[in-house]
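Hello,

Here is the structure I promised to pass on to you.

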Amino acid sequence: MSFAKRVREAADPIWQASFRHSFVQELGQGTLEREKFRYYVMQDAYYLRHFARVQAIGAAKAPDLASTARLAHHAQSTCEAELSLHETFAELLNITEEERAAFVPAPTAYAYTSHMYRAAYEGHLGDVIAAILPCYWLYYEIGERLKTCQPNDPIYEKWIGAYSSDWFRSLVEEQIARLDVIAAAVTEEDRRRMEQHFLISSEYEYEFWDMAYRLERWRSVRPAVNE
Ligand SMILES: Cc1ncc(C[n+]2csc(CCO)c2C)c(N)n1
């Protein structure tokens, strides 16, 4: 069995929990409270800004120029996706400049992005891909599950459409293939560490839905946003 398939299986219980999460279910049914989705969109914009930087670290750590080019390209696409996400949803959801200025990353958004930076800082390209792959792959599987849903809400339909597209599918397949090529060439110890990154990111994907559903906040401190 390929490395990617193996870690996907190891992560299956937590992926199933994401599929069942009320945030995902209610998004598909169109019953998700707008406040929760707005909160999610703003936290996700923060997540994407850092995701792009982690991809750029992957580009810098890649051992061959072709991988550097692809990862750098993906970092740019994430920046563009983030910008268009911001523009489209900010308009549709009436997110104001004041709200953006007052934005604070929630503990889970901060912890998840910190986890990706840690994997990238300490490791090689395989660690970066292992940490970022659940983001692509889980969203693709969620897109597949939700694509037959009819939330009867243009905003939720737009979100589902973004993750069930063929374009998105090819992105996921590219990263799965990259993970398998790297995993086949590294040591057993490297593979164990990569599996841990994959599992921890899978846990944080679940926590991210939960964070939005609960409108998570810091208990006492209000850290200023770091770009
Ligand atoms: C918490 C969270 N996890 C995963 C994604 C999905 N995603 C983020 S960046 C990227 C790469 C292509 O742009 C993908 C698939 C998300 N939006 N938010």
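Is Arg-8 buried or exposed? Arg-8 is buried, with a relative accessible area of 12%, where buried means under 20% relative accessible area, exposed over 50%, and partly exposed in between (1.4 Å probe, protein chains only).

Before going further, please note that this is a predicted model, in which local features need pLDDT of at least 70 and side-chain atom pairs count only at pLDDT 80 or more, while totals for chains, interfaces and linings use all residues. Residues are numbered from 1 along each chain as its sequence is written, and side-chain values use heavy atoms, with hydrogens and water left out.

**Salt bridges**

The whole structure holds 18 salt bridges, each being a side-chain nitrogen of Lys or Arg within 4 Å of a carboxyl oxygen of Asp or Glu. In one of them, Arg-8 pairs with Asp-12 at 2.8 Å, N to O. Asp-12 is partly exposed, at 25% relative accessible area.

Another joins Asp-127 to Arg-193, with the closest N and O atoms 2.9 Å apart. This pair links distant parts of the chain, 66 residues apart: Asp-127 lies in helix H8 and Arg-193 in helix H11. (Helices are DSSP runs of H or I, at least four residues, numbered from the N terminus.) Asp-127 is buried at 0% relative accessible area, whereas Arg-193 is partly exposed at 29%.

Glu-144 and Lys-147 also form a salt bridge, their closest N and O atoms being 3.2 Å apart. Shared partners join Arg-8, Asp-12 and Glu-141 into one salt-bridge network.

**Helix H2**

H2 covers residues 12-20, and its buried residues are Ile-14, Trp-15, Ala-17, Ser-18 and Phe-19. Among the elements that cover them by contact (heavy atoms within 4.5 Å) are H1 (3-10), H3 (22-29), H8 (125-146) and H11 (188-214).

**Helices H4 and H5**

H4 (residues 34-61) and H5 (residues 65-92) pack at about 165 degrees, with their axes 8 Å apart. The axes are lines fitted to C-alpha atoms over the stretch in contact, and angles run from 0 to 180 degrees between N-to-C directions. H4 and H5 are therefore roughly antiparallel, a label for angles over 145 degrees. The residues of their contact divide into 14 nonpolar, 6 polar and 3 charged; Ala, Val, Leu, Ile, Met, Phe, Trp, Tyr, Cys and Pro count as nonpolar, Asp, Glu, Lys and Arg as charged, and the others, Gly among them, as polar.

Best wishes

Methods: Helices (H or I, at least four residues) and strands (E, at least two) are DSSP runs, numbered from the N terminus. Angles under 35 degrees count as roughly parallel, over 145 as roughly antiparallel, 65 to 115 as roughly perpendicular and the rest as oblique.
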